[in-house]
Amino acid sequence: MSALYTAIATADGNGRNGRTRTSDGKLDVQLSFPTEMGGSGAGTNPEQLFAAGYAACFSSALGMLAAQRKIDAKDASVTAEVSLNPTDNGGFGLAVTLRVELPESLQGDAGRELVEAAHQVCPYSNATRGNIPVELVVE
């Protein structure tokens with residue numbers, strides 16, 4: 001199967017203390033360690049970029065499924081919290097909490113089912129499944 005789209009980005013410098021940009025020039029950002037990790041916090045970091053991408057992708061999946069089901073979910077919002085955690089072997093791992101705020105019309109079981117269905121079709125959810133913990137919180 002051929003790809004529908006391929007994004008290309010390059011990181012230069014010392015990774016977290018460098019610069020990353022996309023091949024089309026639409027994204028060009030300075031990177032820095034967050035202050036919580038002893039850095040200047042002057043730039044963004046990979047966890048923030050991952051959180052932004054995951055939130056946008058999940059929101060899109062939620063909207064697509066809502067439209068297919070003729071449900072109004074335009075006022076829904078998705079917040080991704082991406083944590084960088086040390087692992088037992090001296091490396092690092094990620095954990096994600098997705099906070100999905102639904103309109104009043106989607107409270108309860110119907111809203112929860114829509115969020116869980118979005119988690120099954122979202123490309124980020126499919127990429128992370130079985131690799132990192134992802135918690136779904138419906139608000």
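Which class of relative accessibility does Arg-99 fall in? Arg-99 counts as partly exposed, at 27% relative accessibility. The legends below begin with the model and end with the charged pairs.

This is a predicted model, in which local features need pLDDT of at least 70, side-chain atom pairs count only at pLDDT 80 or more, and totals for chains, interfaces and linings use all residues. Residues are numbered from 1 along each chain as its sequence is written, and side-chain values use heavy atoms, with hydrogens and water left out.

**View 1. The two domains of the protein chain.** Domain 1 spans 1-44 and domain 2 spans 46-138. These bounds come from an automatic or database domain assignment. Taken over C-alpha atoms, the centres of domain 1 and domain 2 are 22 Å apart. Six residues of domain 1 and five residues of domain 2 take part in the contact (heavy atoms within 4.5 Å). About 490 Å² is buried between domain 1 and domain 2. Carbon and sulfur atoms give 63% of that area. Buried area is the accessible area (1.4 Å probe) that two parts lose on being put together, summed over both.

**View 2. Polar links across the domain interface.** One salt bridge is found between domain 1 and domain 2 (a side-chain nitrogen of Lys or Arg within 4 Å of a carboxyl oxygen of Asp or Glu). Two residue pairs are in polar contact between domain 1 and domain 2, both at pLDDT 80 or more. A polar contact is a pair of N or O atoms within 3.5 Å; within protein, one must be able to donate a hydrogen and the other to accept it, and residues adjacent in sequence count only if both atoms are side-chain atoms.

**View 3. Glu-47 and Arg-16.** The side chains of Glu-47 and Arg-16 form a salt bridge, 2.5 Å from N to O.

**View 4. Surroundings of Thr-22.** Thr-22 belongs to strand 2 (residues 17-22). Helices (H or I, at least four residues) and strands (E, at least two) are DSSP runs, numbered from the N terminus. The side chain of Thr-22 makes a polar contact of 2.7 Å with the side chain of Asp-24. Leaving aside residues up to four places away in sequence, Thr-22 touches Ile-8, Ala-9 and Leu-27.

**View 5. Arg-69 and Glu-113.** The salt-bridge count comes to eight. One of these joins the side chains of Arg-69 and Glu-113, at 2.5 Å from N to O. The pair links distant parts of the chain, 44 residues apart. Arg-69 sits in the loop between helix 1 (46-68) and strand 4 (77-86), and Glu-113 in helix 2 (residues 109-121). Arg-69 is partly exposed at 36% relative accessible area; Glu-113 is partly exposed at 39%. Buried means under 20% relative accessible area, exposed over 50%, and partly exposed in between (1.4 Å probe, protein chains only).

**View 6. Glu-81 and Arg-99.** The closest N and O atoms of this salt bridge are 2.6 Å apart. Glu-81 lies in strand 4 and Arg-99 in strand 5 (residues 92-101), 18 residues apart. Glu-81 is partly exposed, with a relative accessible area of 33%.

**View 7. Arg-112 and Glu-116 in helix 2.** The side chains of Arg-112 and Glu-116 meet in a salt bridge of 2.8 Å, N to O. Why are they separated by about one helical turn? Because Arg-112 and Glu-116 are four residues apart in helix 2. Arg-112 is partly exposed at 31% relative accessibility, and Glu-116 is partly exposed at 36%. Elsewhere, salt bridges that share partners join Glu-81, Arg-99 and Glu-139 into one network.
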